[in-house]
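My plan is to start with the whole chain and then go through single spots.

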Amino acid sequence: MLSPAPEEPLLLAELKPGRPHQFDWKSSCETWSVAFSPDGSWFAWSQGHCIVKLIPWPLEEQFTPKGLEAKSRSSKNDPKGRGSPKEKTLDCGQIVWGLAFSPGPSPPSRRLWARHHPQVPDVSCLILATGLNDGQIKIWEVQTGFLLLNLSGHQDVVRDLSFTPSGSLILVSASRDKTLRIWDLNKHGKQIQVLSGHLQWVYCCSISPDCSMLCSAAGEKSVFLWSMRSYTLIRKLEGHQSSVVSCDFSPDSALLVTASYDTNVIMWDPYTGERLRSLRHTQLEPPMDDSDVHISSLRSVCFSPEGLYLATVADDRLLRIWALELKTPIAFAPMTNGLCCTFFPHGGVIATGTRDGHVQFWTAPRVLSSLKHLCRKALRSFLTTYQVLALPIPKKMKEFLTYRTF
């Protein structure tokens, strides 16, 4: 059972960029991407005008309303900032479209290897990858803000980036040049594979938490599922009526959600290709005329860290929160010109980015997962749908474990 429907999301904080004098403020100011580090200690904000801000999380007191204090990093406790991470500004030299944190610092064995190979940049630390307008990918060390690597290969905008959650430092990039590229940062950023087949710009890429699959969404009605073991195409998922622009896997890898300009989110079983559910974005108020045909076009979709909620951002100026088992949103928040959204990895907060270069932080449902869901999540983290269906257990249990009980 889900907990009672939460209250409407509250705006916790909003960050606005300062106006840079060397640029025309009205161009290239969009926040195309925001990201939390997997351990929740950093927030990366592509604030427009080629600048990325790395901000320690929780936010400092001057940004933080009551209820989200960060006493451990407040100026009262550490007036000179000693021992605390400091905000950093990364000047990428090009408009920044994609951001991705590595899973975290590498194990001691890899750090030891790096020390004995000084010609290879040290990528044993927490790193941030930035995808740029000119097709370059820059790799930064988060703690120092130093540039570690510059990856070249794409011929157009690098729209999205995704690291393998296993910590192997394999990076996937998605580009307007209609390809995805696989990079190994342990080998000086060597390009190890190019994935071709899309006919339009690739908007989004997402790696399943079990590192077995890669989903890519381009300006097409279908999405591609690739094997992360063989780097071959597994299947195409067809069902949308317009361009698919965002995708995300559930924390147990058992579900995949895709968001499209057709105003729908589709929930899939990535193992079988079965379409499990559609979530339609309807307007709260009817338009005054026929001019806003695409007003509910979707921009972004993401799973909550426990896997019971979804967040979506659409062009109708709303952030929606959905419970996994319901067909209608459980909460709305008004936001203008939204482009992207992501959950804080420990829950309770959603970050959204806008065309104006702003970032907004919203309250998200805090839920204590049921024992049933925890068991399902644990089992599905290592069992495919086919393996579940082959188990000698009752049909109802199989339906629950394969998310067929909606």
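**Entry 1: the whole chain**

What share of the 406 residues of the protein counts as buried? I looked it up: 57% of them do. I note at once that this is a predicted model.

Next I asked for the secondary structure. I found four helices and 28 strands in the protein. Then I took the contacts between residues at least 6 apart in sequence. Of these, 51% join residues at least 24 apart. The exposed surface comes to about 18300 Å². Carbon and sulfur atoms supply 53% of that surface.

**Entry 2: the annotated spans**

I turned to the UniProt record, an unreviewed entry. Residues 128-150 are 61% strand and 0% helix. Their end C-alpha atoms are 12 Å apart. Residues 151-186 are 50% strand and, again, 0% helix. Here the end C-alpha atoms lie 13 Å apart.

The unreviewed UniProt entry also marks residues 370-406 as "domain: SOCS box". I found 59% helix and 0% strand over that span. Its end C-alpha atoms lie 16 Å apart.

**Entry 3: helix H2**

Which residues of helix H2 are buried? H2 runs over residues 371-380, and I listed His373, Arg376 and Arg380 as its buried residues. They cover an arc of only 60° around the axis, so they sit on the same side of H2. I then asked what they pack against. The answer is helix H3 (385-389) and helix H4 (395-401).

**Entry 4: Asp184**

I located Asp184 in strand S12, which spans residues 180-184. Asp184 is buried, yet it has no salt bridge. How far away is the nearest side chain of opposite charge? That side chain is Lys187, and the distance is 4.2 Å.

The list is Ser168, Leu169, Ile170, Gly189, Lys190 and Ile192.

**Entry 5: salt bridges**

Side chains of opposite charge can pair when their charged atoms come close. How many salt bridges does the whole structure hold? My search found six.

I wrote down Asp177 with Arg181, where the closest N and O atoms are 3.8 Å apart. Both residues of this pair, Asp177 and Arg181, are buried.

Asp316 and Arg320 form another salt bridge, with the closest N and O atoms 2.6 Å apart. Asp316 and Arg320 are both buried too.

Arg299 meets Asp315 at 2.9 Å, N to O. Arg299 lies in strand S22 (residues 298-303), and Asp315 in the loop between strand S23 (309-314) and strand S24 (318-323), so the pair ties together parts 16 residues apart in sequence.

**Entry 6: two loop residues**

I looked up Trp201 next. It lies in the loop between strand S13 (190-195) and strand S14 (202-207). Its relative accessible area is 38%, so Trp201 is partly exposed. Which residues does Trp201 contact, leaving aside neighbours within four places in sequence? I got Ser175, Arg176, Lys178, Ala217, Ala218 and Gly219. I also checked Trp201 against Val157, which is 44 residues apart from it along the chain. Their C-alpha atoms are separated by 9.1 Å.

I placed it in the loop between strand S16 (222-227) and strand S17 (233-238). Arg229 has 67% relative accessibility and so counts as exposed. Arg229 and Cys211 are 18 residues apart in sequence. In space I found them 8.4 Å apart, C-alpha to C-alpha.

How values were computed: Residues numbered from 1 in each chain as written. Predicted model: local features only at pLDDT ≥ 70, side-chain atom pairs only at ≥ 80, totals over all residues. Heavy atoms only, no water. UniProt positions renumbered as here; feature names shortened; annotations may be inferred. Buried < 20%, exposed > 50% of the residue type's maximum accessible area, 1.4 Å probe, protein only. Contact = heavy atoms within 4.5 Å. Areas by Shrake-Rupley, 256 points an atom, 1.4 Å probe, with all protein chains shown as cover. Arc of directions from axis to C-beta. Lys, Arg positive; Asp, Glu negative; His and termini not counted. Salt bridge = Lys/Arg side-chain N within 4 Å of Asp/Glu carboxyl O.
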